Amino acid sequence: MQKFLPFLKWVPTYSWAFLKKDIFAGLTVAIILIPQAMAYAMIAGLPPVYGLYASLFPLFIYTFLGTSRQLAIGPVAMDSLLVAASLGALAINGIENYIAMAIFLAFLVGSIQLLLGVFRMGFLVNFLSKPVISGFTSGAALIIIFSQVKHILGTDVENSPQFFELVGNVFSKIDQTNIYDLVIGLSAIILIVLLKKWNKRIPAILLAVVVGVLLVYSLHLDVNGIKIVGAIPTGLPSFNIPQISFENIISMWPIALTIALVGYLEAISIGTALEEKNNDNNLDANQELVAIGASNLVGSFFQSYPVTASFSRSAISGEAGGKTNLSGFFTMILVVVTLFFLAPLFYYLPKAVLGAIIMVSVFGLLNVSYPKRLWKNRKDEFLVLFLTFLITLFIGIPQGILAGVLFSLLVMVYRTSKPHFAELGNIKNSDYYKNIDRFGEEIIVRDDLLIVRFDSQLYFGNKKYFREELFKYITAKGSNLKGVILNAEAINYIDSSAATMLVQIIVELHERGLQFIIAGAIGPTRDIIFSSEIISALQKDFLFVKTKEAVDFFDNPERVNLLRDKVAYQKNGN
């Protein structure tokens, strides 16, 4: 039961000492979450109240199903932008239909995550490499930042998932700037940034919201055309079944899969980082898929759009001393209180302040140091990052993720098609055999024996390269060569195409009068050797555990065979 209901692990050992810390952490996160949630709903193209709706039942479900003790679930900027990008590409008429499709998207995302979790498919997220995520998030961050410029300017600017169109739309309306919105928005940005630099414990976002509301209300700035949040519906969201249809599933499953994987990757990355920091070991990757999937699925029946873990709020939860998932429950309680009693207080909240909150929060997603490191040390991975960044910025967010994954796979295939191939020699006065290019004069290289190492699996994509490199080394040895030893320590797999190629090489070398020996093959590779035709061409006597044994056999095969017989005799007790 603890496996399927993780809360059963911490409830029996829960103490009153934890309660105070969980309450404090939950309320601290809620203070940040409430304005952030309304701001992120605006990114998604939804009324601000839907950010609060997305901060209710998903948090409640994760409290009981999640395995991370400090992960803060709720609306985030990335998922909100993906929602806006996906729904913006569809011909949706009216805000009611738009909201309905956003809620259905949460249902679809939750269903996908839940199924992946049930079938333990969490490994799929491994295809989203760090360069892809970095390029994607940096591109998306710029799009998010510029999508909020309209709130700072106080103008109506048409949104676009493509950066250059968005920038063009902003500049086309810059002459319509409302000076009051501009001053409030820039002041809010400066206030939040300065307070965070001065003391991170100060709730800078909450203070910016309070100051913004007081200024508009006391000075009656709303009569000057300042855009405000306006009336927020009070009470809990009603239960509604999402508008499920076959047409909607067909049109939205690609973006739903993208949001499901990106959201899961965010949650796992944040959860892992927090566990390493706190020296915990509670996170279960597949159970997290179930928990987040169930949170989205149940939330969709209560008017929630897709949610996942927030890095900033999770970090705040940890710093505030949250001990268990119950801190998320207390966060939800304050959101409920807000919906019932505090919602009218946000009536005069300027949208420019919400835009400022988003811009400051998202700016941290822009990562410059990581691309610099890749440029110095991993130019192929830098290329993947840069191309992902450009495609995300100038073509589209889903296209950027898909292209990034494809680029990563192409780089991986290229690397495995031409892996490291080295000639080995004996280090003087030792039994070690190492790359002759790395140890120089300390290596003994023989003319009559070639020892090579292939640092990859052998498969159809690199079998031709293996053959060419091997015969290049054989030719370089000249007529004195009598034998070849393949150090197979790094070969963890041999497919059928490569096995056939290896048999052909063994036969060809035997026809040339050269011995062929395999040394150091690990268990799975040995199984393949024995289950394929390789063993027939090679013969069992030419298969060794260590390179040193293979060299001894080459130098004195009769003595080695006698030792083998002695070991077999002692082992069998005959």
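**Close-up views of cavities, pockets and cores**

**View 1. The largest cavity in this predicted model holds about 140 Å³ of space.** Its lining has 17 residues, and L71, A72, I73, S327 and G328 are the closest to its centre. Helices α2, α4 (57–65) and α15 (326–342) each supply at least two residues of this lining. By class, the lining of the largest cavity divides into seven nonpolar residues, nine polar and one charged.

**View 2. The second largest cavity has a volume of about 30 Å³.** A search of the whole structure finds two cavities of 30 Å³ or more. The residues that line the second largest cavity are S68, R69, Q70, G271, L274, E275, D280 and N282. One of these lining residues is nonpolar, four are polar and three are charged.

**View 3. The largest pocket has a volume of about 2000 Å³.** It is lined by 49 residues, and those nearest its centre are F311, S312, A315, S361 and G364. The elements giving two or more residues to this lining are α2 (16–43), α5 (77–88), α7 (130–147), α10 (179–198), α11 (204–219), α12 (246–278), α14 (311–319) and α16 (351–363). In the lining of the largest pocket, 31 residues are nonpolar, 11 are polar and seven are charged.

**View 4. The second largest pocket contains about 650 Å³ of space.** Of the 30 residues in its lining, M42, I43, G45, K150 and N159 lie nearest the centre. At least two lining residues come from each of α2, α5, α6 (95–118), α7 and α8 (149–153). Helix α5 gives the largest share, five residues. The classes in the lining of the second largest pocket are 17 nonpolar, eight polar and five charged residues.

**View 5. The largest nonpolar core has 116 residues.** In soluble globular proteins, nonpolar side chains tend to be buried together. Within this core, L46, Y305 and L349 touch the most other members. The largest share of the core, 13 residues, comes from α12. Leaving aside residues up to four places away in sequence, L46 touches A41, Y98, I99, A102 and Y305.

Notes:
Residues are numbered from 1 along each chain as its sequence is written. This is a predicted model: local features need pLDDT of at least 70, side-chain atom pairs count only at pLDDT 80 or more; totals for chains, interfaces and linings use all residues. Side-chain values use heavy atoms; hydrogens and water are left out. On a 1 Å grid over the protein atoms alone, a cavity is a set of points where a 1.4 Å probe fits but cannot get out, and a pocket is an open set with protein on both sides within 12 Å along at least five of seven lines; lining residues have an atom within 4 Å of a point. Grid points are joined across faces, edges and corners, and a volume is the space filled by probe spheres set on the points. Helices (H or I, at least four residues) and strands (E, at least two) are DSSP runs, numbered from the N terminus. Ala, Val, Leu, Ile, Met, Phe, Trp, Tyr, Cys and Pro count as nonpolar, Asp, Glu, Lys and Arg as charged, and the others, Gly among them, as polar. A nonpolar core is a set of buried Ala, Val, Leu, Ile, Met, Phe, Trp, Tyr and Cys residues joined through side-chain atoms within 4.5 Å. Buried means under 20% relative accessible area, exposed over 50%, partly exposed in between (1.4 Å probe, protein chains only). Contact means heavy atoms within 4.5 Å.
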